Amino acid sequence: MGAQIAAHLANAGLTVHLLDIAAEGNDRSAPARQALASAQKISPNPFFTSNRAELITPGNFEDDFGRLADVDWVIEAVIEQLDIKQQLMQRLETIVRDDTIVSTNTSGLPIHKISEGRGESFRKRFLGTHFFNPPRYLKLFEVIPTPDTDAFVLERVSWFARMHLGKGIVVAKDTPNFIGNRIGIYAAMQAMREVTEHGFSIEDVDLLTGTVVGHPRSATFRTADLVGLDTLAHVANNLYEGVENDESREAFRPPWLLLKLTERGALGAKTKHGFYKKHEGKILSIDPKSMEYVAPGKKRVDIESIKKAGSLPQRLRALYEDQGRVGEFFRRTTWDLLAYTARRLPEIADEVCDVDDALKLGFGWRMGPFATWETLGFQRVLDDMREQRLVIPTWIEEMERAGATSFYRVNPNTQGSWNPATSDYRDREVPRDEIDLNSVRDIRGELWSNKESALLDLGDGVALFEFRSKMNSIGKHVIEGLFHAIETVENGPWAGLVIGNAAEHFSVGANLAEMGMAVMQGHWPELEQAVSSFQQMGQRIRYASKPVLVATQGRVLGGACEMTMACAHPVCAAESYIGLVEIGAGLIPAGGGTMRMAAWAAEQAASPAPEHLAPFLRRAFETVAKAQVATSAEEAQSLGFMSPAGTIVMNGERRLWVAKREVIRLAEEGYRAPAVRTAIRVLGTPGRGPFDVGVAHLLQGGFVREHDAYVAGRIAWVITGGDLPGATWLHEQQLLDLEREIFLSLLGEKATQKQIAELLTRNQPMATKLAAKGLVSLTNVFRKKRSSTRP
């Protein structure tokens, strides 16, 4: 854990000293060095890029402790033994500066006891800072002040973690396992007992505690396998030991099934079997009766009607109303969890929003316990819990007497949540550097919209183009909408335009269903026009007379990656996963992506000489042919997917605000669009030879399918300029024409059509919709005879 925290600090650009116990022998810093080496092999990668590890210097407590005299922040993450931590604090007090902040990452020991015996100055600068594992990917950062912690220190650490580490901050009280794990582990143990006490299968519980209720797809038991059954049991046992005065303490005693599997060494993903096991390509689960791994039974709970209810609030209400086993499960577990969570206030937190935020940020819940309660109806749930004779805390009854029927209230500039201590709402300012698009719509409305996109006013002369198609795919309506948005901004009193949305993922890329229908119907002229429009969309983003900035987050794939590449000044959340993945559909990037990769390679080369260009061209070719997806915005820059003039935002919630400020800055400086690339150096047929040979070897070795090899060859054809006798210069439009020609020819290939069909049928709702229109069948999507009008 210490090494992963160090990795994320290095991601933020800090110089980090990773100290561990001293080993015997010549390499006394071997433990820290080994921890760093292990962190570099972890998947998912704790580092943005491999060279970030260079910012970490390993050391040991004996020879290198003196380094700490010059640091700004010391984070302790040693063994969970109070006496050892106290001894370390005693040593630290003698060496760190009098303005150095010292914090502990413990989750199982009282924070205030760790700093016992230290001087007043040290105690003022000491607090708990609990990173959730893995630190890079989980946003929750619980900050736990002691009675002695200076308010400025708390504010300083919280600001830094939010701004530079990308964290969501929750202030917790110094109680066992703070907020996130106290409630999250309670919910996990509760769900597990549904298997042993109420006869639900492991698959049933995961179905009912997963995406249908707004929780991660891994739900309960798959999450346990990922975390490690031994780790989960250890945390639950620690909680059981630490919460002696908790009226529901027994709920933290690990269920017998969890303990039994742990004793057998079935620890989850790290041992390749836990609650689940993969065997001969099938996913099996443990049968609690036989303790054998078995295939899922035919009789499983049915939640299809719940899924059809619609949005998350609608699904939750449908579950609450359901009169079958599904509804019984949901009501029983929900009542119990909500009552328990309510009883923990104000013990673990001052306000309901702190609890909800902790569960959303640390466990990936889309809605916290109190927001869930409010969604189901405050009074109705309260009456039902009373009927079940659940213990209701006094503050809930006071809330009821005050006539409050909601845990939250929202105003334009503040968000209020109920504070049990004051029996009233406490307002918090909405962060000024975050933009809530729902609030933008409520205050200013929409300037324009069509079926899949809208134009919004962000204020200060900046407009935002939002596309909101299914999975934010880019189809006809989105492209038409973007053309309209850019034209509106160019011809109006606007400083510029931001392209963005509030979804978890920016976009999956081009709308394959639209393309598939056009191919099936033989509409080749329309297809050629559609591809041309896609290309021109990228050109308009790049060459608009006013700044047009793409603001990304999450997955940014295919055509969305091409939009980002086209943008001269993109703003990307650090956790943007950007890549050209078209080869997976048997196609090449044809929204300008292949052209821009060729241009990127030429711009990286020291000179136009073929020997200087070839290594970068090879890298560009491999990136596209392997459908490589950058695992961070920083890596995207190194791969050519993001302009070096772009901005990376550590806290993704700030991306739209940062993009807006960047538009204003560019406009005030006197914006000038980039020059058109009139001379991109390409290598022609001689430069393509090594690529063709390499692909042939992969095909002969059985590493790629025949059609994939063919598509890779087409990528090489475009990226080297096509049928040219040698190295020369091409206008970017020539490369755009070439990539469009190859793209359309690939669409006419049966193998490509089959790959697109497979991709579509994986998305059952979309495939079903197409079948309902009489255009395709689920199993025979693209087997119609191709039209004679294909190019």
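Here are a few friendly notes on the salt bridges in this predicted model.

1. Let me start with the overall tally. The count comes to 48 salt bridges, taking a side-chain nitrogen of Lys or Arg within 4 Å of a carboxyl oxygen of Asp or Glu. The points below pick out some of them.

2. Take aspartate 148 and arginine 123, whose side chains form a salt bridge with an N to O distance of 2.9 Å. Aspartate 148 sits in the loop between strand S6 (140-145) and helix H6 (151-164), while arginine 123 belongs to helix H5 (residues 120-124), so the pair ties together parts that are 25 residues apart in sequence. Aspartate 148 is partly exposed, at 35% relative accessibility, and arginine 123 is partly exposed too, at 23%.

3. Next, have a look at aspartate 230 and lysine 270, which meet in a salt bridge at 2.8 Å, N to O. This pair links distant parts of the chain, 40 residues apart: aspartate 230 is in helix H10 (residues 229-242), and lysine 270 is in the loop between helix H11 (256-263) and strand S8 (276-279). Aspartate 230 has a relative accessible area of 28%, so it counts as partly exposed.

4. A helix-to-helix case is also worth a look. In the salt bridge between arginine 386 and glutamate 400, the closest N and O atoms are 2.7 Å apart. Because arginine 386 lies in helix H17 (residues 378-387) and glutamate 400 in helix H18 (residues 394-401), the pair ties together parts 14 residues apart in sequence. Arginine 386 is partly exposed at 32% relative accessible area, as is glutamate 400 at 25%.

5. Finally, there is a network: salt bridges link Arg182, Asp246, Glu247, Arg343, Arg344 and Glu347.

Definitions and conventions:
Residues are numbered from 1 along each chain as its sequence is written. This is a predicted model: local features need pLDDT of at least 70, side-chain atom pairs count only at pLDDT 80 or more; totals for chains, interfaces and linings use all residues. Side-chain values use heavy atoms; hydrogens and water are left out. Helices (H or I, at least four residues) and strands (E, at least two) are DSSP runs, numbered from the N terminus. Buried means under 20% relative accessible area, exposed over 50%, partly exposed in between (1.4 Å probe, protein chains only).
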